[in-house]
Amino acid sequence: MTRKLPATDVVIVGLGWTGSILAHELTGAGLNVVAIERGPWRDTATDFPPAYAQDELRYRIRHDLFLRPEQLTMTFRNNASQTALPIRSWGSFMPPNGVGGGGVHWNAETWRFLPSDFELRTHLVGRYGEKFLPEDMTIQDWGITYDDLEPHYDKFEYLCGTSGKAGNIRGLIQAGGNPFEGARSREYPTPPQKQPYGPTLFAQAAQGMGYKPFPQPSGNLSQPYTNPLGVTIGPCTYCGFCEWFGCGNYSKASPQTTILPALIRRPNFEARTQCEVSKINLDKSGKRASGVTYVDSSGNEWEQPADLVLLCAFQLFNVQLLLTSGIGKPYDPRAGEGVIGRNYSYQVTSSVGAFFDDKIFNPFIASGSIGMCIDEFNGDNFDHGPHGFVGGGYMGAVQTNGRPIQTARTPRATPRWGAEWKKAVAKSYLSSYESVTHGSCYSYRDVHLDLDPTYTDRFGRKLMRLTFDFHDNELKMSTYLTDRLAEVVQKMGPRQLEKHPRRGPYDVTVYQTTHTCGGAIMGVEPKTSALNRYLQSWDVPNLFVMGATAFPQNPGYNPTDTVGALAYWTADAIVNRYLKSPGPLVQI
Amino acid sequence: MLFSVDASPPWNFVFTIQGSTMVAKEIRLSANAIGKIAPGAHSTGEGIPGSSRSDFGMRRRQFLVSTAMTLVFSATSAQALVVKDGLPWPPSAGTPPTTIHPGPWVYFTPEEGAVVEALVDRLIPPDPQTPGGKDAGCAVFIDRQLAGSYGSAEGLYMHGPFADGTPEQGDQSPLTPAARYRQALAALDKYCRAAYAGKPFAQISDDEKDKVLSGLEKDEVQLEGTSGRAFFEYLLQNTREGFFADPVYGGNRDMVGWKMVGFPGARYDYRDWVERHNERYPLPPVGIAGRRE
Ligand SMILES: Cc1cc2nc3c(=O)[nH]c(=O)nc-3n(C[C@H](O)[C@H](O)[C@H](O)COP(=O)(O)OP(=O)(O)OC[C@H]3O[C@@H](n4cnc5c(N)ncnc54)[C@H](O)[C@@H]3O)c2cc1C
Ligand code: SF4
């Protein structure tokens with residue numbers, strides 16, 4: 001039996017980054033907000049204290065902070081000719097679970113997208129012509145511009161206290177920053193993190209080649225910072241247990257360290273944890289969300305009516321809830337029609353390993369985001385004409401950790417075990433260095449999300465099915481970027497250098513990033529997008545869908561600065577437009 | 001009812017009032033448990049307080065909230081943890097790992113244990129500087145991991161239908177890691193006795209052991225009824241885990257793995273050392289549980 005609860009103004013599905021931002025903005029506007037979160041409450045002092053947060057086995061290898069596939073997973077195949085099989089344990093990406101969402105265990109690499117990224121199709125067709133794009137590529141414009149989003153980027157970065165060096169303030173190029181970035185209204189809230197040896201050498205080598213290296217913008221703070229909500233974040237200690245881990249120092253920007261302490265004191269906010277939303281409910285017209293149904297941790301089912309439903313469940317689960325709830329037309333790759341599940345995209349990373357004789361890198365002195373990067377090969381910052389692909393990525397020496405189960409490196413020819421392996425590991429651990437490229441992944445007609453015909457979750461719901469493989473354009477891009485990176489690494493003077501460009505087929509067991517994107521994208525018209533430019537559902541105007549779900553394709557950067565900025569953009573639209581006249585914010 | 005929900009409630013936290021203090025205990029009642037489970041916490045097979053089902057019923061009725069938590073619908077029996085007006089945790093409510101102590105095998109039989117010690121000692125052989133896998137505790141580590149939540153594939157999606165997929169689709173075996181080891185070790189024993197005049201793996205020469213291991217790695221040695229290559233991959237991964245994981249889990253004894261490479265372990269503050277480029281970090285490693293001087 002489903003029991004019905006008293007109605008609330010707003011129900012938020014998922015209390016991660018976007019859920020926390022929207023809850024804060026909308027309670028601030030006087031609305032009663034209930035956030036429903038699938039996982040447990042998490043906090044620094046209890047869940048990741050520096051007494052035992054530094055545990056590679058528990059967090060990195062056994063995935064302690066993540067969603068358990070038993071609770072919910074998805075199926076995967078490379079293409080439609082295969083039978084999709086369940087992802088039985090996580091590999092390529094790591095879905096979040098619990099208050100704070102991915103914000104708990106992200107690296108906090110905090111990048112803005114390029115202005116051209118938001119008008120991608122228009123920009124590329126304008127520069128190279130329609131024919132330059134692969135025929136089955138389905139990239140689109142976002143329906144907003146960088147300038148629309150700039151104040152909201154600024155707000156998210158000042159919430160987080162992001163450490164970095166601006167490269168472009170109001171159109172003036174700044175020495176030491178990224179000269180390719182869009183104009184920002186002011187400097188980063190805190191200066192860049194200190195750089196260890198590897199990034200410093202990389203930057204010297206890059207500079208010598210005429211590139212413009214700059215410190216990667218980081219949510220691992222370089223100094224103490226009190227944000228506009230009055231919450232103070234501590235300085236990062238470069239502990240090296242950051243990505244996949246919660247920060248025991250209150251020094252990584254996360255909902256816990258930036259918003260929740262302020263939000264939780266608001267009398268018009270309430271969080272219900274360990275409650276999984278199973279469905280978004282529609283009223284009889286089918287054009288209005290009436291609330292959500294959720295199952296609590298003892299298996300009881302509840303209906304929470306609300307005037308406004310905000311889907312903040314992370315990219316993958318947003319799409320799954322839309323599919324399961326029958327909202328929007330599911331995408332059919334054969335006909336190329338429908339919008340839910342369309343334009344899924346991911347990320348294309350690669351690396352260059354280097355082995356030195358005379359250097360000590362201390363790889364364990366690290367943070368999730370520390371590093372020096374160059375942006376010459378990102379987006380459309382270089383002429384793609386001669387190369388026959390579109391897209392790009394940033395690259396650099398990003399020193400995230402020296403945790404030995406995961407990272408103990410050996411040169412390629414070394415056996416994987418035995419005396420030789422042991423000798424090589426002992427020799428290489430301190431004196432080898434890996435540099436990386438972080439590249440775009442554009443969207444294609446055949447790549448999509450739908451419901452699996454065979455496998456079900458513990459409620460008997462169909463699992464979502466991912467059909468994804470890398471396309472030639474991305475593989476070409478990866479080879480090109482890796483070659484450029486290798487040229488810089490070569491200048492660092494290694495004894496031996498190894499290139500690892502991304503190669504197909506896509507393998508769901510090998511971790512790349514958790515930058516899964518798309519599936520219910522924003523755009524200018526309902527035929528090719530699920531959401532309008534305010535991330536409002538075209539079909540159900542009192543439903544807004546947050547997160548990278550809205551990205552029509554993935555640029556070469558990490559998503560969260562844009563995810564956070566879009567959340568502020570939507571909050572602004574709800575408070576200043578929607579509440580005055582509830583209904584579609586874009587007329588068609 | 002929209003879905004048929006499992007009869008067994010997937011709780012993993014109960015909140016009870018003891019005197020005026022609220023006590024949060026992690027319990028595990030069904031494989032559906034949502035949320036956090038410390039891998040170490042169960043690996044010795046030690047019971048978790050209050051983890052029996054009858055206990056659960058009682059605790060469920062006791063489900064009450066402190067000032068930090070209010071039930072919005074008190075007349076009903078909603079089971080969510082509702083957070084309002086403040087943070088929900090009492091001090092020390094987290095779940096630190098449980099320290100593993102050497103002792104009799106917990107999962108392996110003594111024969112299996114001996115073979116695994118021989119295996120890990122070839123994967124990571126002793127040398128004058130650093131002990132091998134056996135003395136580093138890798139076999140003890142694997143034994144305790146298999147006895148715990150890792151061994152039972154807890155939290156993984158283990159529902160059928162099972163089919164062999166492509167390598168890119170990941171492991172599709174219906175076997176838990178514990179069952180995989182048991183099967184493979186029995187098959188390995190059979191293989192070795194047949195190939196080496198009745199001798200089990202632990203008793204053949206080092207060269208012969210290495211030959212068997214690289215045969216498994218290259219898929220040239222076939223084990224009866226189970227994939228030798230898949231077993232090899234698990235064994236290699238688990239052995240490295242045992243060599244490099246925090247000593248609290250029974251391997252990396254005396255931090256030998258960390259000392260070998262120069263990893264300072266669970267230290268948490270390098271602010272004074274970030275910009276000391278190309279210099280060897282001077283302090284010895286520490287583990288979560290500190291270090292023996
Ligand atoms: C290991 C890792 C490293 C990363 N590093 C970076 C980085 O360096 N830079 C960067 O930009 N991005 C990074 N990311 C991505 C970043 O974490 C996400 O972009 C960001 O957290 C997305 O915010 P969100 O609000 O969409 O989702 P989340 O913050 O993940 O929150 C979603 C919440 O919804 C909950 N939920 C899901 N389904 C339901 C349901 N049915 N009912 C109730 N609740 C539900 C989840 O439990 C979760 O708490 C990383 C991610 C991972 C996993
Ligand atoms: S590296 Fe810095 S921000 Fe990351 S967990 Fe450690 S102290 Fe926190």
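This is a predicted model: local features need pLDDT of at least 70, side-chain atom pairs count only at pLDDT 80 or more; totals for chains, interfaces and linings use all residues.
Residues are numbered from 1 along each chain as its sequence is written, and chains are lettered from A and ligands numbered from 1 in the order in which they are written. Local features need pLDDT of at least 70, side-chain atom pairs count only at pLDDT 80 or more, and totals for chains, interfaces and linings use all residues; side-chain values use heavy atoms, with hydrogens and water left out.

**The interface**

Select chain B and the residues of chain A in contact with it (heavy atoms within 4.5 Å). Here 110 residues of chain B meet 109 residues of chain A. The buried area is about 9300 Å², 59% of it from carbon and sulfur atoms; this is the accessible area (1.4 Å probe) that the two parts lose on being put together, summed over both.

Next, show the polar contacts: pairs of N or O atoms within 3.5 Å where, within protein, one must be able to donate a hydrogen and the other to accept it, and residues adjacent in sequence count only if both atoms are side-chain atoms. Between chain B and chain A, 39 residue pairs are in polar contact, both residues at pLDDT 80 or more. On the side of chain B that touches chain A, α6(B) gives the largest share, nine residues. Helices (H or I, at least four residues) and strands (E, at least two) are DSSP runs, numbered from the N terminus.

Four salt bridges cross the interface, each a side-chain nitrogen of Lys or Arg within 4 Å of a carboxyl oxygen of Asp or Glu. For one of them, select Glu217(B) and Arg416(A), whose closest N and O atoms are 3.0 Å apart.

Now move to β11 of chain A (residues 269–273), which pairs with β3(B) in the antiparallel sense over three bridges; pairing requires at least two DSSP bridges. Opposite Leu81(B) is Thr273(A).

**Ligand 1**

Select the 38 residues around ligand 1, those with a heavy atom within 4 Å of it. Thr18(A), Gly98(A) and Glu109(A) are among the closest. An oxygen atom of ligand 1 lies 2.6 Å from a polar side-chain atom of Glu37(A), and a nitrogen atom of the ligand is 2.7 Å from a side-chain N or O atom of Thr560(A). At Trp17(A), a backbone N or O atom is 3.0 Å from a ligand oxygen.

**Backbone features**

Finish at Pro505(A), in the loop between β22 and β23 of chain A; the peptide bond from Gly504(A) is cis, with omega near -10°.
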